[in-house]
Protein chains: 2
Amino acid sequence: MADAGIARAGRTRRRTRIQEANEERILDAALEVFSTYGLRGATVDQIAAVAGMTKPNLLYYFRRKDDIYLAVLQRTLDMWLTPLEALSAAGDPMTEITAYVDRKLEMSRDNPKASRLFAMEVMQGAPVIDAVLKGRLKALVDEKAAVIAGWIKAGRLQPVDPHHLIFMIWATTQHYADFDVQVRAVLGGVARESLHFERARATLDQVFLKGIKGPV
Amino acid sequence: MADAGIARAGRTRRRTRIQEANEERILDAALEVFSTYGLRGATVDQIAAVAGMTKPNLLYYFRRKDDIYLAVLQRTLDMWLTPLEALSAAGDPMTEITAYVDRKLEMSRDNPKASRLFAMEVMQGAPVIDAVLKGRLKALVDEKAAVIAGWIKAGRLQPVDPHHLIFMIWATTQHYADFDVQVRAVLGGVARESLHFERARATLDQVFLKGIKGPV
DNA sequence: AGTTTTCCTGACCAATTGGTCAAGGGAAAA
DNA sequence: TTTTCCCTTGACCAATTGGTCAGGAAAACT
């Protein structure tokens, strides 16, 4: 996979500040464009325009469209998986899960483009990160599902299918990023940003909490 | 908007069986392609190939790419809104909501392409159905949210924000269509189709049921 | 049957797309 | 200051894209 940019001939050189700055500008622009139009719908010209540079200049840093796409996916991947990794068997089940929901929701609010990028990739059949889904992601989910299963076995949580519970959390939280336009359209001018986020959080917390809280 | 196909000159003629059949083939193919790549990422050649006809032939029925897109969106819209319309104030709250969840989940299973088509459209900023979202959809959601609010006021349901509850239901059910690839990847070969659908249904029903069931 | 209308296709076109390249302008090491 | 690389660009290219058109093949009407 190399170093993202500068896969050009000759040995690997030190990274210039210009290089560093431009690659970041490009990746930011690429996130913007790819997260809206997907790999196929996005054009290099468009990314270059958003990044404020000429197309050949952009292609100097990333030789092919696919390279940019790959780089921006990888860049966002870790950030996206972090919240689930933080779910700890040691903590109190309800606290842990609520915290996970809240963290994920915050990510959707603060980084909606990352959410949409993955959504686009997956909806197009995950041509690039398919292996990651089946490998790293599956392993992580299986691990945390086991943690939840442990809580259930210990009688600290209602018996629910852990995998599908995780799917529910993903779906509900990412919905606010992926379908942002629809959410706004339906809520109308009524709800101001922060307010509608707070309501979402309250609703999710409440339903999940009551929905899976341990035996009365 | 006209008659979808044959907006060609002259007065509107009767629809041939050939016409009817071909338009359906085209719309099926268009659903397949647009739901995967979105408006911009899809190509007319590709749709024609899936429909099993030449590009000029396809363009004989729909003169522009946008026309096909619009037609396939409209064709799917009603079907997509039906489940929510069926939610009735007259019924028992929990029964109604569970039934809605189940219906939506079945739609995701039986017509995942429709789900992905709308997801794509919305994620790309809803350039085509923006007005529908703010008009018809908002009106429908507001109406049903009022129904739910009524149940809450009557003490038959835990107090939750009705709009966000509806979002939760959309998100969780459509997730199985939109992120199908991811779901399969994470569940691995373990779960066979029908089995994993049944588990999803059970999990959603349970969490929503316990999550919002009226005061004990 | 013959005539009219619909259907279908190969050839074609302009615009856009991903990508290359030679050569000039700058930054930084010597 | 000089030299060496790094950076940037306009011009260019082949392939793909959305879309047109003239004319032949097949239906449909009479």
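The axes are lines fitted to C-alpha atoms, for helices over the stretch in contact, with angles running from 0 to 180 degrees between N-to-C directions. The structure is a predicted model, in which local features need pLDDT of at least 70 and side-chain atom pairs count only at pLDDT 80 or more, whereas totals for chains, interfaces and linings use all residues. Residues are numbered from 1 along each chain as its sequence is written, chains are lettered from A in the order in which they are written, and side-chain values use heavy atoms, hydrogens and water being left out.

In chain A, the axes of helix α1 (residues 17-41) and helix α6 (residues 112-123) come within 8 Å and cross at roughly 45°; helices are DSSP runs (H or I, at least four residues) numbered from the N terminus. α1(A) and α6(A) are therefore oblique to each other. Their contact (heavy atoms within 4.5 Å) involves residues including A:Leu31, A:Phe34 and A:Tyr37 of α1(A), and A:Ala114, A:Leu117 and A:Met120 of α6(A). The residues of this contact comprise six nonpolar, three polar and three charged, where Ala, Val, Leu, Ile, Met, Phe, Trp, Tyr, Cys and Pro count as nonpolar, Asp, Glu, Lys and Arg as charged, and the others, Gly among them, as polar.

Helix α1(A) also packs against helix α2 (residues 44-51) of chain A, at an angle of about 130° and with the axes 8 Å apart. This pair, α1(A) and α2(A), is therefore oblique as well. Among the residues that meet are A:Ile26, A:Ala30 and A:Val33 in α1(A) and A:Ile47 and A:Val50 in α2(A). The contact of α1(A) with α2(A) divides into nine nonpolar, one polar and two charged residues.

Over all chains, 26 salt bridges are found, each being a side-chain nitrogen of Lys or Arg within 4 Å of a carboxyl oxygen of Asp or Glu. One of them joins A:Asp28 and A:Arg75 (3.1 Å, N to O). This pair links distant parts of the chain, with A:Asp28 in helix α1 and A:Arg75 in helix α4 (residues 65-85), 47 residues apart.

Chain A contributes 58 residues and chain B 57 residues to the contact between them. The two chains bury about 5200 Å², 69% of it on carbon and sulfur atoms; buried area is the accessible area (1.4 Å probe) lost by two parts on being put together, summed over both. Two salt bridges cross this interface. A:Asp161 forms a salt bridge with B:Arg199, with the closest N and O atoms 3.2 Å apart.

Notes. Helices (H or I, at least four residues) and strands (E, at least two) are DSSP runs, numbered from the N terminus. Angles under 35 degrees count as roughly parallel, over 145 as roughly antiparallel, 65 to 115 as roughly perpendicular and the rest as oblique.
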